[in-house]
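Here is my note on this entry. Please read it with the structure open.

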Amino acid sequence: MSSPPADVFDVVLPCRPYPGLRPFEKHEWPIFFGRERMADAVVAQLIDRRLLVVHGDSGCGKSSLVRAAVLPRLEQESARGGLSWRTCAMTPGEAPLWNLALALAELDGGKEERALEIRRALNFGRDAPETIATLLRRDSADHLCILIDQFEELFDFAHRHGPEEAQLLADFLVGLFETPPAGLYAVLTMRSEFLGACARFEGFAEAVNRAQYLLPRMTHDDLLRAIREPAQLFGGEVSMALAERLIHDAGGRQDQLPLIQHGLMLLHRDHVELSGHADGAGWLLDSDAYDGSSGLAGLLSRHADDVMDKAQAFFGERAGEVRVVEDVFRALTEINAEGQAIRRPRSFADLAAIAGCGEAELQHVLKPFRVDGASLLRPYGEAPIAADERVDISHEALIRCWERLADPGNGWLVREFRNGLVWRALLVQADSFERDPSNVLGPTTTGERLAWIKRRNPVWAERYGGGWPRVKRLLAASAEARDREQAAQAAARKREQRVRTLSWGIAALVLLVTVISTAVVFAWNESMAAKAAQASEAAARASEAEQHARTEALLAEARATIDALDMVQQKLDRAASATGDEQLAETLNQAQKELSTQVYKLNKQTMPR
């Protein structure tokens, strides 16, 4: 008979009394309080049914309950009865069956050869549990339990990659429930809104109906224990007044427990930093340590802002211009069909492509969000993230409480939602353009979309249906049509201005001709009057010869004016012939007639008598 490992009964405290926003891990079972009754119920039903689906709202503590209470209890309490329990955990992610095979192989030393054997066995569907139990069990006293956390990821995987692999995993679970082999168990955690999606896989809904556990809310006394008892293990205390205030500020909301845990982590950290008291020095957290003006949600939001400032510091003077953090969190969140903000895990390589930065640069940016004491993104810690490793927000409470993300007017989440609508509208327009190339965007919309798309890329577009080349072709054609229209409008304005200028010039010339001809006629009349007067008053005026000379000079000036007017007339005649504008041609013709009339009058008046 196999014996339990020696460390099953060891009590090793984690590095801090409160983990923060992220779920509890299995090794943190010593500080996990308040869920004992629920853990007992889950363990009892799991042993009886072999498969159990633990579901509830986001933030209700499903993962923490199973990781930090159920799995340790199976290992410890069963070990006291001489049984051996080995447990492991996985999430479906982007390779559900391979991730399950890797997790199960960890129970047997993590050898790749064993993982390959298990992966092949999973192809057997409902017969797979028997094969896997035979591969992994050491003896009749050996029991294996696998936690499939965040099982709802499987539905998203099936939507994006097809149902085949997801159906195989569902078949494995149905087979485990209907014909369970000795010593093999599985517990799933899932958000309750995905219960309906279980019917997509044959036989799975029937199994879930008979093997589900809806996680109840914690009572007031449960919350007090979860707040106060971890501090006592670290030589400190949380006053009853502060505990009551934190419970009140959480207000029974969806994220009650993670917000309280995160607030306590920050208060404990600040107390240690300010007082210099290490754990075990009799420290006390009281109401005066907590500024509840903005509540626990505001405390989390300010902390996220501080972490973001550290991340942005990597860019130095460019920090105010770079939007890598924003792009990362927009890529990691979305709004589901029910209008709820949820996580959207992405591979590290995809995040780098979406944010438009290098992978080395993104490692530096994400690090402050992952370190112990923040734990806002996973994978937690400081080890470099592999290109195919999935990055995820630690808890949806961050999405709902961080003002930069959650602001309903201009938060990152709603901006991303609007951008998704814009992209889908462009895809619709691209369909119309492909049917009829004249169906392009208007000039104003084209300019807006060309500026908008500069911060987008093909990897980002895949989230909203892809079609990057199609939209680019639409925008290129729209820009070309806009440029043609603008060029035509500019030419029309230039022609209109030229016509307007020429019309004003003609009007000025006509006026000038009229003034000159009038002056010449007036001068001629004056000359004739003077000549008549001189004939009768020869004694008082200059001689007739002198007057005749002046008259001849005046006539010479008139004839020169006539010649100049005649040249103007000829130019106007050519302009009237050259222009294609009917209105301008009519104006020129009228001006020509007027000039001809004035030239005729001048010629007539200057003819020798």
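Is Asp-431 buried, partly exposed or exposed? Asp-431 is partly exposed, because its relative accessible area is 32%; the classes are buried (under 20% relative accessible area), exposed (over 50%) and partly exposed (in between), with a 1.4 Å probe and protein chains only.

1. Basis. This is a predicted model, in which local features need pLDDT of at least 70 and side-chain atom pairs count only at pLDDT 80 or more, while totals for chains, interfaces and linings use all residues. Residues are numbered from 1 along each chain as its sequence is written, and side-chain values use heavy atoms, with hydrogens and water left out.

2. Asp-431 and its partner. The side chain of Asp-431 forms a salt bridge with that of Arg-470, at 2.1 Å from N to O. A salt bridge here is a side-chain nitrogen of Lys or Arg within 4 Å of a carboxyl oxygen of Asp or Glu. The pair links distant parts of the chain: Asp-431 lies in helix α18 (residues 412-435) and Arg-470 in helix α21 (residues 468-536), 39 residues apart. Helices are DSSP runs of H or I with at least four residues, strands are runs of E with at least two, and numbering starts from the N terminus. Arg-470 counts as partly exposed, at 23% relative accessibility.

3. The network. Shared partners join several salt bridges into one network. Its members are Glu-152, Arg-191, Glu-193, Asp-255, Arg-343, Arg-378, Asp-392, Glu-396 and Arg-400. Across the whole structure, the search finds 43 salt bridges.

4. A strand-to-loop pair. Arg-390 and Glu-94 meet through their side chains in a salt bridge of 3.2 Å, N to O. Arg-390 sits in strand β12 (residues 390-393), and Glu-94 in the loop between β2 (84-90) and α3 (96-106). They are 296 residues apart. Arg-390 is partly exposed at 21%. Glu-94 is also partly exposed, at 34%.

5. Helix α9. Its 14 residues (220-233) should span 20 Å at 1.5 Å a residue; the expected span is 1.5 Å times one less than the number of residues. The end C-alpha atoms are 21 Å apart, which agrees. Buried residues of α9 include Asp-222, Arg-228 and Pro-230. Just after α9, Gly-235 takes a positive phi of about 75°.

6. A pair within α9. Glu-229 and Arg-225 form a salt bridge at 2.8 Å, N to O. They are about one helical turn apart, because four residues separate their positions in helix α9. Glu-229 is partly exposed at 23%, and Arg-225 is partly exposed at 29%.
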